[in-house]
Amino acid sequence: MFESRQVVHRNQILASGVSGRELAEFVYLGVITRLWRGWYTTGEPVGLPDPRGVTRSMRAVLSHESAAAWTGAEMPFAVSTLHVTAPRNRGRCAEVAPGIRLHRRDIAPHEVRLVRGVRVTSPERTFADLARTVGIATAVAVGDAYLRRRVTTLAALSAYADGLAYGPGRPSVRRAAALLDAKSGSVFESLTRVVLLEAGLPAPRTQFNVRDREGAWIGRVDFAWPESRVILECDGFEFHSSRAAFERDRKRWSALTRAGWRVLTVTWSQVVSEPSYLAELVAEVLGASISK
């Protein structure tokens with residue numbers, strides 16, 4: 001259909017003959033990974049088991065990365081394993097079958113939702129599980145996605161984190177909750193923001209509206225430090241639907257520069273593979289130091 005790791009827009013996928021329902025299944029199976037609203041990156045099929053049959057036969061709940069993907073949250077990576085959670089007194093925490101990972105933890109009734117015929121952990125529980133097991137960056141990306149989709153609220157996620165019993169993983173969940181931002185526009189932006197904040201840099205304004213010296217609106221940018229007149233954009237030609245859109249963005253960046261702003265850009269590859277470069281770049285421009 002498309003080359004591996006190619007970034008494509010939803011319209012391109014649908015134009016190739018894939019239906020909306022098939023697209024949802026491809027995202028779950030890992031053939032396609034949702035980067036943010038309307039944008040996907042292609043991968044290789046991982047052949048995950050059907051969660052409907054697995055959760056019923058194991059009397060378990062779809063959880064972790066699998067719960068996030070099943071409920072439509074944008075993910076920073078393809079889900080390559082079917083994660084399910086069962087009570088502590090059932091089964092063992094190991095690979096019980098190829099492609100299935102069984103977690104043993106107690107789940108309260110209010111922590112379970114029924115989504116497309118499958119019992120899954122609630123957004124709040126899924127967020128906490130990801131912070132405990134996969135890491136803060138992924139948890140924040142999924143938490144921000146939940147906020148964009150309005151399946152939960154910042155207050156609910158924060159309250160869940162604060163209400164956790166003291167024990168392993170609680171600090172990570174609370175830290176992830178403190179980094180959430182309902183204004184985040186994409187997984188790309190979420191991961192970028194986590195890199196900046198975890199490096200101890202000043203918190204940027206997200207989705208910031210910029211005006212010129214006469215007060216005319218120029219555009220909305222991903223991140224801005226108004227006091228320093230510095231802007232950071234998560235961008236690249238591959239994330240535009242056309243060459244015309246790419247050119248419009250470059251013209252907008254020129255207008256920002258003319259208005260006295262310094263515009264920095266970061267690519268997906270740099271955020272994922274070179275986070276230290278991103279932190280050092282922003283720190284240098286802001287005249288800030290990086291926490292070790």
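A crossing of two helices is left-handed if the near helix is turned anticlockwise from the far one by less than a right angle, and right-handed if it is turned clockwise. In the present structure, which is a predicted model, local features need pLDDT of at least 70 and side-chain atom pairs count only at pLDDT 80 or more, while totals for chains, interfaces and linings use all residues. Residues are numbered from 1 along each chain as its sequence is written, and side-chain values use heavy atoms, with hydrogens and water left out.

Helices (H or I, at least four residues) and strands (E, at least two) are DSSP runs, numbered from the N terminus. Helix H6 (residues 136-149) passes helix H9 (residues 187-198) in a right-handed crossing, and the two pack at an angle of about 135 degrees with their axes 9 Å apart, where axes are lines fitted to C-alpha atoms, for helices over the stretch in contact, and angles run from 0 to 180 degrees between N-to-C directions. In H6, Ile136, Ala137, Val140, Ala141, Asp144 and Arg148 meet Val187, Ser190, Leu191, Arg193, Val194 and Glu198 of H9, contact meaning heavy atoms within 4.5 Å.

Strands S10 (residues 217-225) and S11 (residues 230-234) run antiparallel and are joined by three bridges, and phenylalanine 223 has leucine 232 in S11 as its bridge partner.

Methods:
Pairing = 2+ DSSP bridges.
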